[in-house]
Amino acid sequence: MRMTNLFVQTLREYPSDAEVISHKLLVRAGYIRKLTNGIYNYLPLMQRVLRKIENIVREEMDSAGAQELLMPFVQPAELWQESGRWDVYGKELMRLKDRHSREMCLGPTHEEVITSIGREGIRSYKQLPVNLYQIQSKFRDEIRPRFGLLRGREFIMKDAYSFDADENGLDKSYEIMAKAYSRIFERCGLETKMVQSDSGAIGGSVSHEFMVLVNEDSESNAGENDVFYCPKCGYSANSNHAVSVLSEAQTDGKYLKSEITDTPNTHSIEELSEFLNIPESVICKCLIYVVDGKYVAALIRGDRTVEETKLMNVFAGNDIRIARNDEIEEIMQNSGFNATIGFIGPKGLKNVEIVADETVKDLKNFVIGCNQNDKHLTGANWGVEVELPEKIADIRLVEENDKCPECSHPLKVTKGIEVGNIFKLGTKYSKAMNATFTDKDGQEKPFIMGCYGIGISRTAAAAVEKHHDEFGIKWPLSIAPYTVIIVPVSDRDEEQMNLAEKIYNELLKHKVEVILDDREERAGVKLKDADLIGIPYRITIGKAIKDNLVEFKTRSTNETILITPEEAIQKLISL
RNA sequence: CGGGAUGUAGCGCAGCUUGGUAGCGCACCUCGCUUGGGACGAGGGGGUCGCAGGUUCAAAUCCUGUCAUCCCGACCA
């Protein structure tokens, strides 16, 4: 490709609306352009990067035994009503009506469609297992799109779905995908960590996410997930799923006798702990949530934080939020109290489900809200002044240095970008949508399914987050839009231009993906652009031409060597 | 959903307080000059100042509404 023909506009400055480095660089280097909030044009250079990633994905998926197909982007509401997700998916599902007022939606994911394909096409266990995948645009109407391609509303995803006859088969399919994913990301030049995760709105039981770890001290602040991991045994999990060994309950000898104690203006645990001069860990905190429209009280030790996803899962909910003040007033009125935030306790709450975190069950002589303003019950004990709730679960957010659930070593935390995920769906969709096959024993059985996603466009952005410097992008060779760029220093030097043409043609002949910067620009412009765009190799033709030498620069290391044109060509051909 | 900020040429911004012919840098076009890390000079093209109302002789500027974008937050009791 000649630079004078390449459709690309690099910018001298970063766009003002970009926050993270991948977004800034991709816009500035002319890869993407925002069309509207969370929706981007992929310009020619970007499209080549995406194609590269897609092709790596295709090769690995195909060799893992999966088959590519393509499902519609627009889907009928009926399918979603069948699975039950029409009513629970929420506002992220972009709904629309066709001219006959039929309800439709833009596909945020394709479990419903693939299940309908499976139930029509797979009749016998003899046809199993099957793994089908597609690479396609998805649309999710995110509350707050940001970070460029890392969290757009429209994005490119590879989604695969497996059908098996039994759990054993699913385990195998899952394992095969996990291995394929590791290879895919490795080939894309990304180190990933496979971490346990919550299965979220997609449903199902087991799931893992592939995270590109982003150190907090690096330039990249793009990691949206907290990942807890054990440096000793390798345990790792998303914070929405991570567990840790329960630390021993602390006791405090200060309040041995149960009594109502005045605690004026202690609206927070911190204030209460300070006022009573006791550790936060001997306070039982009571938080009111709304899960799928129902009130829930969550009890947890004062020094710990509730993990909302875990709490929501206790009630198999789809939606969770902390209660508003007016809702708390309503609960208080219904229960015959008038306490406000800071003084609420579980005792006597009406129409509120109560769940206690494991951290509170061993508390002794603790402090707890008693639904009277400016007062707390001190020296409380379970079964004496307050009943221990029947529902006890792990609803706490793990903290750094908590003990690893596998080996008790202290856990560490880091930020991660989720580039892929794999789920064991089980029969969630096949049962709901009556997708069955005839098994060996002649019985009709629902498929055991799995689903497996890779964010193609996000993977590209993650690669930029990990591979860049102050001058621009440093694409890994495997996903770079072009392999090499030839820069003749002076476009008016006939000898340089002739050599550039010669090398260019030779490389083209050998199918090397090459750009010839044939623009009438000063050297600085061409060199800056080459660095910004991030082509892995650069051949610079300048003064050394008199000794039959060119500069050969490797962008990943920014190392330059002087070699002959023939050697340069040979290096590139043999990559 | 709450708070804050911003909408002026492809990009980055000034002008608004105090209303009076719409500006600067980059990019783009022409000519000259220049050619190893985003040169220089001269000339030129491009904007219904987000949109809609209102006030006024006159609105980018003041007022009202609206839309969009960005950031932060969304309550740990």
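The paragraphs below lead through selected parts of this predicted model, from a sheet and its helices to single residues in loops.

The model is predicted, and local features need pLDDT of at least 70, while side-chain atom pairs count only at pLDDT 80 or more and totals for chains, interfaces and linings use all residues. Residues are numbered from 1 along each chain as its sequence is written, chains are lettered from A and ligands numbered from 1 in the order in which they are written, and side-chain values use heavy atoms, with hydrogens and water left out.

The description begins with an open sheet of 5 strands, ordered S28-S27-S29-S30-S31, in which the pairing is mixed. Helices (H or I, at least four residues) and strands (E, at least two) are DSSP runs numbered from the N terminus, and two strands pair if DSSP finds at least two bridges between them. In general, the strands of a sheet pair through backbone hydrogen bonds, either parallel or antiparallel. Strand S28 (514-516) and strand S31 (559-563) each have a single partner strand and stand at the edges, so one side of each is left without a neighbour in the sheet. Neighbouring strands of this sheet are turned by 20° against each other on average, direction ignored. Strand S30 (residues 550-554) runs antiparallel to S31 and is joined to S31 by 5 bridges; Glu-551 has Leu-562 in S31 as its bridge partner.

Helix H12 (residues 494-509) packs on this sheet and touches strand S27 (484-488), S28, strand S29 (537-541) and S30. Contact here means heavy atoms within 4.5 Å. The direction of H12 makes about 165° with that of S27, where axes are lines fitted to C-alpha atoms, for helices over the stretch in contact, and angles run from 0 to 180 degrees between N-to-C directions.

Helix H13 (residues 523-533) has buried residues at Lys-526, Asp-529, Ala-530, Asp-531, Leu-532 and Ile-533. Buried means under 20% relative accessible area, exposed over 50%, and partly exposed in between (1.4 Å probe, protein chains only). The cover over these residues of H13 includes H1, helix H2 (44-63), strand S26 (472-473), S27, S29 and S30. After H13 comes Gly-534, with a positive phi near 85°.

Helix H1 (residues 21-28) also meets helix H11 (residues 456-466): their axes come within 8 Å and cross at roughly 100°. H1 is therefore roughly perpendicular to H11, a description given to angles of 65 to 115 degrees, with those under 35 counted as roughly parallel, those over 145 as roughly antiparallel and the rest as oblique. Ile-21, Ser-22, Leu-25 and Leu-26 of H1 make the contact with Ala-461, Val-464 and Glu-465 of H11. These residues divide into 5 nonpolar, 1 polar and 1 charged; Ala, Val, Leu, Ile, Met, Phe, Trp, Tyr, Cys and Pro count as nonpolar, Asp, Glu, Lys and Arg as charged, and the others, Gly among them, as polar.

Strand S6 (residues 103-106) is bridged to two strands described here. Strand S4 (residues 74-76) runs antiparallel to S6 and is joined to S6 by 3 bridges, with Pro-76 opposite Met-104. Strand S5 (residues 95-97) also pairs with S6 in the antiparallel sense over 3 bridges, and here Met-104 is the bridge partner of Leu-96. S5 and S6 form a hairpin with 5 residues between them, and Ser-101 in the turn has a positive phi of about 65°.

Several loop residues complete the picture. Asp-439, in the loop between strand S22 (436-438) and strand S23 (444-446), is buried at a relative accessible area of 13%. Its side chain is joined to that of Lys-445 by a polar contact of 2.7 Å. A polar contact is a pair of N or O atoms within 3.5 Å; within protein, one must be able to donate a hydrogen and the other to accept it, and residues adjacent in sequence count only if both atoms are side-chain atoms. Not counting residues up to four places away in sequence, Asp-439 touches Tyr-125 and Lys-445.

Asn-265, in the loop between strand S13 (259-262) and helix H6 (269-276), has a positive phi near 60° and is exposed at 53% relative accessible area. Pro-129 lies in the loop between helix H4 (111-121) and strand S7 (130-139), and the peptide bond from Leu-128 to Pro-129 is cis, with omega near 0°.
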